[in-house]
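Here are some notes on the aromatic contacts. Please read them with the model open.

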Amino acid sequence: MADRSLRGMRLGAQSLQSEEGVVFSERTRSVYLCPECNYETALMFAADAEAPETWECRHCGHEAVLMVGSEPIVIDKSDQKQARTHWDMLLERRSREELEELLEERLSFLRERRGLNKKVGA
Ligand SMILES: [Zn+2]
């Protein structure tokens, strides 16, 4: 405290402590709670940037989780483990035979269209 007021008096004219005239870009404060050591890591992100869901804990290096209000967000890890591709999901909805049929349909449509375009171009 003593240091601070001393510095304030000495450098008052240069006004290092004043934010007057300084334009700050808008920022939001994001807090990450570490499940390992309970340390909270606070970070500032530009207001229009989306804060990542996790951040490395500054205390122990574990993965800290973004807090929303007083609760950490829920990260669905089951999704990451299974890591279904679009192809997997497609196969769940359609059999391979159906897909081949669709592909064949699509291909003949494209061939037809290409044929038409050629005629138009010529
Ligand atoms: Zn930690």
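1. Trp 55 is partly exposed, at 32% relative accessibility. Buried here means under 20% relative accessible area, exposed over 50%, partly exposed in between (1.4 Å probe, protein chains only).

2. Basis. The model is predicted: local features need pLDDT of at least 70, side-chain atom pairs count only at pLDDT 80 or more, and totals for chains, interfaces and linings use all residues. Numbering runs from 1 along each chain as its sequence is written, and side-chain values use heavy atoms, without hydrogens and water.

3. The whole structure holds 2 aromatic pairs. Rings of Phe, Tyr and Trp (its six-membered ring) pair if their centres lie within 6.5 Å; planes under 30 degrees apart are stacked, over 60 edge-to-face, the rest tilted.

4. Tyr 32 and Trp 55 have ring centres 6.1 Å apart and planes at 40°, so this pair is tilted. Tyr 32 sits in strand β1 (residues 27-33) and Trp 55 in strand β3 (residues 54-56), so the pair ties together parts 23 residues apart in sequence. Strands (E, at least two residues) are DSSP runs, numbered from the N terminus. Tyr 32 is buried, at 0% relative accessible area.

5. Phe 45 and Trp 55 have ring centres 5.6 Å apart and planes at 70°, so this pair is edge-to-face. Phe 45 lies in strand β2 (residues 40-46), 10 residues from Trp 55 in strand β3. Phe 45 is buried, with a relative accessible area of 15%.

6. Ring pairs join Tyr 32, Phe 45 and Trp 55 into a cluster.

Definitions and conventions:
Helices (H or I, at least four residues) and strands (E, at least two) are DSSP runs, numbered from the N terminus.
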